[in-house]
Amino acid sequence: MNLKEVRNPMLNKLTATVLFVQDLDKCMQFYQDIFGLESPFTDANSAAYRMDDHDFVLLKTTAAAQMLSAEAVALDKEAGHRVLLCLAVDDVDATYQALMAKGLTFITPPKSQDWGRRTTYFADPEGNLWELWQPLPAAQN
């Protein structure tokens, strides 16, 4: 079977991996020293890196809890989620509606974020967290 034959055109490109971290500075130093990564973007809550055509982001757990929900991102280092997988879609709202119609329960409804993306979040049956996103027009940033 050719994997391209079974691609879902609505959910077709994993674009980012977001690691939830307690100590952003320590993790940034690790990825800089060990992986040789340079961050084109940092703020008080995150550091973004580019690995080929994939975004790799470190995000403080406190910021992740605000973005998703405190329940979805347990702040306890031992029990909390540690990763967020991000899928680019053409239309977050249409994809949200289509997946809701299939019975998927979302953590948050679609929302326009300050960082220039429209997003929504859900968990798979094992609790792994996913983000669906689309870029916002420049006028909405």
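User: What does buried mean here, and are Tyr96 and Phe106 buried or exposed?
Analyst: Buried means under 20% relative accessible area, and exposed means over 50%. The model is a predicted one. Phe106 has a relative accessible area of 11%. By that cut-off, Tyr96 and Phe106 are both buried.

User: How is the aromatic pair of Tyr96 and Phe106 arranged?
Analyst: The ring centres of Tyr96 and Phe106 lie 4.5 Å apart.

User: Which class does the pair of Phe106 and Phe122 fall into?
Analyst: Phe106 sits in strand E6 and Phe122 in strand E7, so their pair ties together parts 16 residues apart in sequence. The ring centres are 5.6 Å apart. The planes stand at 75°, so the pair is edge-to-face.

User: Which residues do ring pairs link into a cluster?
Analyst: The whole structure holds five aromatic pairs. The cluster linked by ring pairs is Tyr96, Phe106, Phe122 and Trp130.

User: Which side chain makes a polar contact with the side chain of Asp55?
Analyst: Asp55 is found in strand E4. Its relative accessibility is 18%, so Asp55 counts as buried. At 3.4 Å, the side-chain partner of Asp55 is Arg117.

Key
Residues are numbered from 1 along each chain as its sequence is written. This is a predicted model: local features need pLDDT of at least 70, side-chain atom pairs count only at pLDDT 80 or more; totals for chains, interfaces and linings use all residues. Side-chain values use heavy atoms; hydrogens and water are left out. Helices (H or I, at least four residues) and strands (E, at least two) are DSSP runs, numbered from the N terminus. Buried means under 20% relative accessible area, exposed over 50%, partly exposed in between (1.4 Å probe, protein chains only). A polar contact is a pair of N or O atoms within 3.5 Å; within protein, one must be able to donate a hydrogen and the other to accept it, and residues adjacent in sequence count only if both atoms are side-chain atoms. Rings of Phe, Tyr and Trp (its six-membered ring) pair if their centres lie within 6.5 Å; planes under 30 degrees apart count as stacked, over 60 as edge-to-face and the rest as tilted.
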